[in-house]
Amino acid sequence: MKPEVDLDMIREAATKNSKTPFSPATPKAARKVTPFAIWVITIGLVLSGLDLLYGISSDLAKFSPSSDPLVDIMVLFIIFCFIASIGTYFQKTWGYALSLLVSLGFVVGANGLNVWIPTLSHPQDLNTFVVADSIVPALVLVAVLTLLCLANRKKGLEKKKFLSSPRSFSGVFTALIVILVIAGAIAGASLSSSAAKPSGSVVAVSIVSGAYNPSSAVHFSPATITLVIGVNNTVTWTNNDYTIHTVTSDSGAFGSGLLNNGNSWTYTFTKAGTYGYHCAIHPFMTGEVIVLQ
Ligand SMILES: [Cu+2]
């Protein structure tokens, strides 16, 4: 009887030791573990900032300082992304506030431009596509998690499992966004490689160098074109400027999405009519396509 009891005690002690280290809870509690949601927000903001920096790099490489007011706004936005990521990492209220401002501001602003969905459906250039495809989903993720951190900051994030652990709501949500971005990039790569060459003669329109400038005389060249269905009803626009532009129908009939320097976009007109278009980023850039039957 007696040896058995001893054995049980030893066994019990051994299991206890293997589960928790000998030192009591104090050092573990003192070492603050960064909650999972904080990591996601911090990394999301840094990646979005780098992503955008890459997006405007061709403009910055050409002009220093930048020539386009939009690029200046983007530079400011990138700086705020990095400051917000630091503030969030240290779990400061101002960090959460800035993170929310930056992420919501970008998502709402980009949505207003109405260029992200066309970029997804017409992936002309994989680089532009990746920038468009990743930054909006990443900032939606950042905005949702920041809002939850802001709401729970007084009670302590580490006490909320859905924020502290990856095996919870925030983990599943993060995984979904990552899968969405990867699937989008794969879809974009396969779509751009399978883009069909149009038959018949193609009319070329150039987005001229310096088109970003409101006082520049020419933006789209030629600004007005006349097409005849069955003869030359396909148009290719090429961005020869050093900043991002779009070809966006005034009526919403067509849209190129974002076009980086050197990118082109092709559209075939199948119905007679007069189609006004503009650049979604620079509304003063306008053009017209007249289609004859
Ligand atoms: Cu433009």
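# Briefing: fold, core and local features of a predicted model

Among contacts in the protein between residues at least 6 apart in sequence, 70% join residues at least 24 apart. The model is predicted, and the protein has 10 helices and 8 strands. Of its 293 residues, 32% are buried.

**The largest nonpolar core**

- The largest nonpolar core holds 48 residues, and those touching the most other members are Ala37, Ile41, Leu139, Val142, Leu145 and Cys149.
- Two or more residues come to this core from each of α3, α5, α6, α8 (126-152), β1, β4, β6 and β7 (273-278).
- The greatest contribution is that of α8, which supplies 13 residues.
- Domain 1 (34-193) and domain 2 (202-292) each provide at least three residues to this core.
- Leu145 is in contact with Ala37, Val40, Ile41 and Ser170, leaving aside residues up to four places away in sequence.
- In soluble globular proteins, nonpolar side chains tend to be buried together.

**Helix α3**

- Helix α3 spans residues 36-55, a run of 20 residues.
- From first C-alpha to last, α3 reaches 28 Å, close to the 28 Å expected at 1.5 Å a residue.
- The buried residues of α3 are Phe36, Ala37, Ile38, Val40, Ile41, Thr42, Gly44, Leu45, Ser48, Gly49 and Gly55.
- An α-helix has 3.6 residues a turn, so residues three or four places apart point the same way.
- Two residues of this buried set, Ala37 and Ile41, are also among the core members that touch the most others.

**The sheet β2-β1-β4-β6**

- Four strands form an open sheet in the order β2-β1-β4-β6, and their pairing is mixed.
- At the edges stand β2 (220-221) and β6, each of which pairs on one side only.
- Strand β1 (residues 202-207) runs parallel to β4, and 6 bridges join the two.
- Within that pairing, Val202 stands opposite Thr234 in β4.
- On the other pairing of β4 (residues 234-239), 5 bridges join it to β6, and these two strands run antiparallel.
- Thr234 has Thr268 as its bridge partner in β6.
- Strand β6 (residues 264-268) has Trp265 and Tyr267 on its covered face, while Ser264, Thr266 and Thr268 make up the uncovered one.

- Strand β8 (residues 286-292) is joined to β3 by 5 bridges, and the two run parallel.
- The bridge partner of Thr224 in β8 is Glu288.

**Leu292 in β8**

- Leu292 belongs to strand β8.
- Leu292 counts as partly exposed because 13 other C-beta atoms lie within 10 Å.
- Its contacts are Thr226, Leu227, Val228, Ile229 and Ala272, with residues up to four places away in sequence not counted.
- Leu292 and Gly230 are 62 residues apart along the chain, and their C-alpha atoms are separated by 9.7 Å.

**Ile244 in a loop**

- Ile244 is placed in the loop between β4 and β5.
- Ile244 counts as buried because it has 29 C-beta neighbours inside 10 Å.
- Apart from residues up to four places away in sequence, Ile244 touches Gly55, Leu258, Leu259, Asn260 and Ile281.
- One of these contacts, Gly55, is itself a buried residue of α3.
- Asn263 is 19 residues from Ile244 in sequence, and the C-alpha to C-alpha separation is 9.5 Å.

**Backbone features in loops**

- Most residues other than glycine have a negative phi, and most peptide bonds are trans.
- The peptide bond from Ser221 to Pro222 is cis, with omega near -5°.
- Pro222 is found in the loop between β2 and β3.
- Gln91, a residue other than glycine, has a positive phi near 55°.
- Gln91 is located in the loop between α5 (69-89) and α6 (93-113).
- With 17 other C-beta atoms within 10 Å, Gln91 is partly exposed.

Definitions and conventions:
Residues are numbered from 1 along each chain as its sequence is written. This is a predicted model: local features need pLDDT of at least 70, side-chain atom pairs count only at pLDDT 80 or more; totals for chains, interfaces and linings use all residues. The expected span of a helix is 1.5 Å times one less than its number of residues. A residue is buried if 20 or more other C-beta atoms lie within 10 Å of its own, exposed if 12 or fewer, and partly exposed in between; C-beta atoms are placed from the backbone. Two strands pair if DSSP finds at least two bridges between them. Two residues are in contact if their C-beta atoms, placed from the backbone, lie within 7 Å. A nonpolar core is a set of buried Ala, Val, Leu, Ile, Met, Phe, Trp, Tyr and Cys residues joined through C-beta atoms within 7 Å. Domain bounds come from an automatic or database domain assignment.
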